[in-house]
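This report describes a two-part reading of one model, by chain and then by residue. Please keep the sequence and the structure in view while reading.

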Amino acid sequence: MWDYTDKVKEHFLNPRNVGDIQDADAIGEVGSLACGDALKLFLKLDDKKERIVDAKFQTFGCGSAIASSSALTEMIKGKTLDEALGITNQEIADFLGGLPEEKMHCSVMGQEALEVAIAKYRGHAVPSHSHDHLHDEQEGEIVCKCFGLTDGFLRKVIAQNRLHTAEQVTHFTKAGGACGGCIPKIKELIAEVLGEQVEEARKKPEKLTNLRKMQLIQDVLEKEIRPQLWADGGDLELVDIDGPKVQIAFRKACAGCVSSGYTAKFVEQKLRDLVSSDITVEEVEG
Amino acid sequence: MNEIYLDNNATTKVDEAVFEEMRPYFCELYGNPSSMHFFGGQVQKKVDEARSRVAALLGAAPEEIIFTACGTESDNAAIRSAIEAFPEKRHIITTRVEHPAVLTLCRNLTKKGYRVTELGVDGEGRLDLEELKRVIDDDTAIVSVMYANNETGVVFPIEEIGAIVKERGALFHTDAVQAVGKIPLDMAASTVDMLSLSGHKLHAPKGIGALYLRRGVPFRPFLVGGHQEKNRRAGTEATSSIIALGKACELAAQYMEEENTRVKALRDRLERELMALIPNARINGGSAPRLPNTLSIAFEFVEGELILLYLSEKVICASSGSACTSGSLEPSHVLRAMGVPFTCAHGSIRFSLSRFTTDEEIDTVIRELPPIIRRGREMSPFGREFLASAG
Ligand code: FES
């Protein structure tokens with residue numbers, strides 16, 4: 001059983017804004033029956049055609065797909081089109097108190113439908129990303145045939161959500177979740193995006209708030225570094241973060257291991273690459 | 001909470017009588033059957049009794065039963081043993097609808113240079129025995145075909161398959177995890193060489209299984225390092241679980257008739273009434289021979305997990321044929337192999353009953369499910385189109 005938050009449950013049991021808007025200004029559709037989920041989003045704008053005054057949805061999909069659609073419609077009401085476009089899939093997930101990672105693609109689908117609706121309303125080309133068998137005006141190269149996903153779309157999701165593994169990309173977009181044939185290409189895309197990000201970071205060091213930096217450090221330790229140590233029977237614990245100084249203690253096979261100094265260096269390099277270049281890592285007894 | 005548990009192909013409730021039977025073998029009679037003293041010896045007697053009870057349910061001899069940890073271990077042991085016993089043979093035959101325990105192992109073996117043929121099924125989940133006749137050859141080490149499918153309940157003609165296999169001199173294994181206790185078996189008169197069963201599917205606890213191994217069939221143990229199970233499966237016996245499995249098999253024999261009459265009638269009523277109440281539904285494998293307890297039913301335009309979550313709110317436990325996890329975003333491999341149309345492959349639900357299922361529970365499902373399907377369809381863009389066109 002999925003570990004859904006109470007808020008997710010509440011939203012799929014009592015979804016807000018199900019239905020349609022007869023005189024909608026904008027409609028965005030993504031997904032298909034074959035994909036296993038689909039979302040049709042209706043937007044009604046105010047007289048000045050700036051602000052979203054009403055939003056409704058119809059969704060074919062699992063509980064978290066319904067909850068994400070419900071959350072999205074709640075979030076965009078009252079926003080201008082540009083404000084609405086600024087909403088990320090992570091914010092949709094956050095609104096619901098988080099989604100299991102395997103279900104993040106539901107939040108991505110919400111964001112996508114919104115982009116499609118607004119692009120169509122503005123007469124722009126429909127974004128080149130959607131796993132959208134209903135539209136054929138796609139640009140870019142199809143990477144995942146099973147779900148009809150282009151490289152442009154995958155790059156964007158990888159970059160926005162800082163994805164590092166093919167498995168994560170599957171969780172966020174479904175790409176790779178069916179035949180798996182596209183996984184090598186997904187890995188290439190990740191490497192490319194990651195390379196670009198490191199470049200970017202070098203050029204203009206991102207101004208991170210201390211809080212954000214601490215979150216990122218914890219994230220990288222949990223998702224990137226500890227799983228690698230587990231594979232060798234080791235582990236580590238975060239002891240303290242003081243500005244750019246990170247203190248860790250090694251556990252299990254790593255504790256007292258002769259190469260733990262080397263491991264500390266590896267942790268430091270990872271954190272520098274992925275969070276901030278001024279980080280230093282120190283091993284402490286703890 | 002009084003759950004309505006209709007997910008018995010996933011696992012079953014441990015029968016109270018089974019639990020009572022195993023209970024003394026934890027804190028009081030905890031001896032090791034291999035020990036020389038009386039304290040181990042009395043446990044050995046109970047283990048022997050359990051072996052006889054399992055054998056009786058299968059129509060086998062006690063020494064043809066090897067206790068294992070689970071159905072998956074039995075499957076792995078059987079197939080690995082066959083290819084080790086006949087190293088010159090490099091071909092394995094199985095089906096596209098097997099349990100992952102068999103399918104994953106076979107697919108892994110292709111990387112080790114084995115040829116694996118996966119037999120297809122038709123729209124009702126039935127095998128084409130002509131295909132088997134075409135692909136089996138002298139290079140075939142083992143044919144592994146499940147007795148009954150866990151998702152649809154479709155039962156395969158095991159003895160007909162066995163006859164074809166024997167003609168070619170290959171070994172024949174069947175994963176009978178879903179069939180044992182529901183279909184009468186008589187290994188003495190069977191073509192099956194090896195058969196897997198699992199305790200927790202027949203009201204014994206989880207963590208115990210057995211492999212039937214026909215006398216005279218060559219065997220190479222999967223686990224080595226101990227003399228237990230006549231050197232065929234090393235490791236100290238899970239005495240309490242083995243004793244539980246024995247009792248569960250004894251009870252299964254007693255309840256077999258009820259499974260095929262009362263339980264089957266409940267399943268048939270559930271099927272009939274849901275089909276009458278809910279438009280655009282179809283039974284997966286409905287025209288094939290099926291287990292008496294299983295109903296796999298697909299609803300167009302609505303997604304399976306959502307149905308399960310809404311059922312779960314009504315404390316009804318079922319399972320979906322599609323796993324809407326991104327690990328396997330496609331509908332189940334079984335439904336795909338059957339070519340279930342994509343309009344409803346994502347909306348398949350499996351109800352699996354047991355001897356503990358009551359009339360009232362079935363009434364509740366018949367009452368609760370139709371509005372849930374309607375609600376799901378009203379939320380879905382495709383469902384709305386369908387409801388609008390249906391008026
Ligand atoms: S091509 Fe991406 S999963 Fe099949």
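## Chain A: domains and overall form

The centres of domain 1 of chain A and domain 3 of chain A, taken over C-alpha atoms, are separated by 37 Å. The model is predicted, so local features need pLDDT of at least 70 and side-chain atom pairs count only at pLDDT 80 or more, whereas totals for chains, interfaces and linings use all residues; side-chain values use heavy atoms, with hydrogens and water left out. Residues are numbered from 1 along each chain as its sequence is written, and chains are lettered from A and ligands numbered from 1 in the order in which they are written.

Chain A is divided into domain 1 (1-126), domain 2 (138-203) and domain 3 (210-283). Chain A has 10 helices and eight strands; helices (H or I, at least four residues) and strands (E, at least two) are DSSP runs, numbered from the N terminus. The C-alpha trace of chain A spans about 70 × 45 × 35 Å along its principal axes.

Of the 286 residues of chain A, 50% count as buried. Buried means under 20% relative accessible area, exposed over 50%, and partly exposed in between, with a 1.4 Å probe and protein chains only. Chain A exposes about 13200 Å², and carbon and sulfur atoms supply 49% of that area. Accessible areas come from the Shrake-Rupley method with a 1.4 Å probe; for residues, only the protein chains shown count as cover.

Among the contacts in chain A with a separation of 6 or more, 55% come from residues 24 or more positions apart; contact means heavy atoms within 4.5 Å. Chain A carries 35 positive and 48 negative side chains, and the centres of the two sets lie 1 Å apart. In this count Lys and Arg are positive and Asp and Glu negative, while His and the chain ends are not counted. The place of a charge is taken as NZ of Lys, CZ of Arg, CG of Asp or CD of Glu.

## The interface and the domains of chain B

Between chain A and chain B, 34 residues of chain A are in contact with 25 residues of chain B. The two chains bury about 2400 Å² between them, 68% of it on carbon and sulfur atoms. Buried area is the accessible area (1.4 Å probe) that two parts lose on being put together, summed over both. On the chain A side, Leu13(A), Leu33(A) and Phe60(A) lose the most area to chain B, together 26% of what that side buries.

Chain B is divided into domain 1 (4-10 + 256-390) and domain 2 (16-252). The C-alpha centres of these two domains of chain B lie 29 Å apart. Across the boundary, 30 residues of domain 1 of chain B are in contact with 30 residues of domain 2 of chain B. The area buried between the two domains of chain B is about 2500 Å², of which carbon and sulfur atoms give 54%. Met256(B), Leu291(B) and Met338(B) supply 25% of the area that domain 1 of chain B buries against domain 2 of chain B, more than any other three residues.

## Individual residues

Most residues other than glycine have a negative phi.

Asn8(B) lies in the loop between β1 (4-5) and α1 (16-22) of chain B. Asn8(B) counts as buried because its relative accessibility is 4%. Asn8(B) and Ser352(B) are 344 residues apart along the chain, yet their C-alpha atoms are separated by 5.1 Å. Leaving out residues up to four places away in sequence, Asn8(B) touches His203(B), Ser352(B), Leu353(B), Ser354(B) and Thr357(B).

Ile79(B) is found in helix α4 (residues 71-85) of chain B, and Ile79(B) is buried because its relative accessible area is 0%. Its contacts, not counting residues up to four places away in sequence, include Val102(B), Leu105(B) and His173(B).

Ser276(A), in the loop between α10 (260-274) and β8 (280-283) of chain A, is buried with a relative accessible area of 15%. Beyond residues up to four places away in sequence, Ser276(A) touches Leu208(A), Lys213(A) and Leu271(A).

How values were computed
Domain bounds come from an automatic or database domain assignment.
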